[in-house]
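Keep the viewer open and follow the stops in order. At each stop, select the residues named and look at what surrounds them.

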Amino acid sequence: MRINAPTLALQSAQSFTDHLEQRPFKVYTARDLDQISALSRLSPAQRFEMKVVASVLPFRVNQYVIDELIDWDNVPDDPIFQLSFPQRGMLEPGHFEQIADLIRGKADKRVLDGAIDAVRGELNPHPADQMEMNMPRDAHGNRIDGMQHKYRETVLFFPSQGQTCHSYCTFCFRWAQFVGDKTLRIASAEADTLHAYLASHSEVSDLLITGGDPMVMKTRHLAAYLEPMLRPEFDHVQTLRIGTKALTFWPHRFLGADDADDLVRLLERLVEAGKHVGIMAHYNHWKELDTDTARAAISRIRATGAVIRAQGPLLAHINDDPAVWARLWKEQVRLGIVPYYMFAERDTGARGYFEVPLVRAWSVYRDAIQQVSGLARTARGPSMSASPGKVEIQGVTEINGEKVFVLRFIQARNPDWVQRPFFARYDPAATWLDHLKPAFGEKTWFWEDEYRALRDQKLAQTPD
């Protein structure tokens, strides 16, 4: 007898949750650092440093991460501790001392807040021209908030109910979403605006619900955005993606949460209607896959017919090691997850603490990919999500006596740029695209004039 997908998914939830500890969701923010008992292992100076950094960059962690993912005997070197707790080096020394002095001196709140805002403004809160070039406009030329349409086929939507996370990643390139400054935030609660935009753009095949983390939303809110995609006018939207780190930070969302069954049924309905449902999971270390709860959540999602794809950046202090990536990719394949991207750390926030030279990133990728089978070699990278597009470092070689980086676009603002190799002068210190220069005496990249024209056109549009 054939067991249909809904029955399988719901049965798997029961069978996996029977032996799992059901825990309430308990979260700590910067105001609660002194309440985290595990931090008593650290010195007063270390705890003060955390408070300074957490006053500038967002901090949020939950009890599941504290209890099940961090090896407190290996703190501060534990990779998940580095991933979730602030470290002094995440701020430039001058910025750190400025804020620390104000806190020590019990500065007036208005003075302290002004200094914090000034520091944040220097951290490139919206990299890759997100605000200037990615925000679409309606037929009247008005900017549509809460959406990005950078690549022809893909629209990103930032639902206002999903602009937080179960825990925050210390490296997050969207940190500006979480610091309480509405001028830095990208968000929308207007489902009708999203649907009207998609209905009028038949070139869009992929919708990515992102954040923050959409999985913090109640299922009914997520359904309000996604279920209309089943109507005939959205047949061109073939793929529905949901970007999330809940499989790491709160896998109970898919198991014991109040509306976990509703979420599973939603995914099933979308799959049964013929949509490709992609759970774009963020993973940075194999330890994130190493709990019974995480594996149960993965199994339950897979039973709906949704496909889990895994992506994450290469980060100093966390995963700057080929062995870590090889083990991560092998474990993902074993669990039925598709390795998707290795990113270079973006040029924003705490980049100085986490970024590694591009030559090192390529070396880690190359050494890791050599250790896995073809099923794990779906992971592309190292990729820089820069303003012109996703630029992949394909290698380092020597051509006509000149040592160069070999680059290509995986995705680009102009699809014609994709898969066309181009070359940069070798620079062992470069960590981002704007550090590189064209090779062979060229003055500009092959795509640069067209990109500048596109940018000028966007910037010339009448501001709101």
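Contact here means heavy atoms within 4.5 Å. This is a predicted model, in which local features need pLDDT of at least 70 and side-chain atom pairs count only at pLDDT 80 or more, while totals for chains, interfaces and linings use all residues. Residues are numbered from 1 along each chain as its sequence is written, and side-chain values use heavy atoms, with hydrogens and water left out.

**Stop 1: Phe81**

Select Phe81, which lies in helix H4 (residues 79–84). Helices (H or I, at least four residues) and strands (E, at least two) are DSSP runs, numbered from the N terminus. Phe81 has a relative accessible area of 1% and is buried; buried means under 20% relative accessible area, exposed over 50%, partly exposed in between (1.4 Å probe, protein chains only). Which residues touch Phe81, leaving aside its neighbours within four places in sequence? They are Leu39, Leu42, Met50, Ile70, Trp72, Val75, Pro76 and Gln87.

**Stop 2: helix H9**

Select residues 219–226, which form helix H9. Its buried residues are Thr219, Leu222, Ala223, Tyr225 and Leu226. These lie on the same side of H9, because they cover an arc of only 160° around the axis; the arc is that of the directions from the helix axis to the C-beta atoms. They pack against strands E4 (154–157), E5 (206–209) and E6 (239–244), and against helices H8 (191–199) and H11 (260–272).

Zoom in on Thr219, which is buried at 5% relative accessibility. Its side chain makes a polar contact of 3.1 Å with that of Arg253. A polar contact is a pair of N or O atoms within 3.5 Å; within protein, one must be able to donate a hydrogen and the other to accept it, and residues adjacent in sequence count only if both atoms are side-chain atoms.

**Stop 3: strand E6**

Select E6 next. Six of its six residues are buried, so E6 is largely enclosed by the rest of the structure. Thr239, Arg241 and Gly243 are on one side, and Leu240, Ile242 and Thr244 on the other.

Which strands flank the next view? E5 and E6 pair in the parallel sense over four bridges; two strands pair if DSSP finds at least two bridges between them. Asp206 stands opposite Thr239 in E6. Finish with strand E7 (residues 276–282), which runs parallel to E6 and is joined to it by six bridges. Here Arg241 stands opposite Gly278 in E7.
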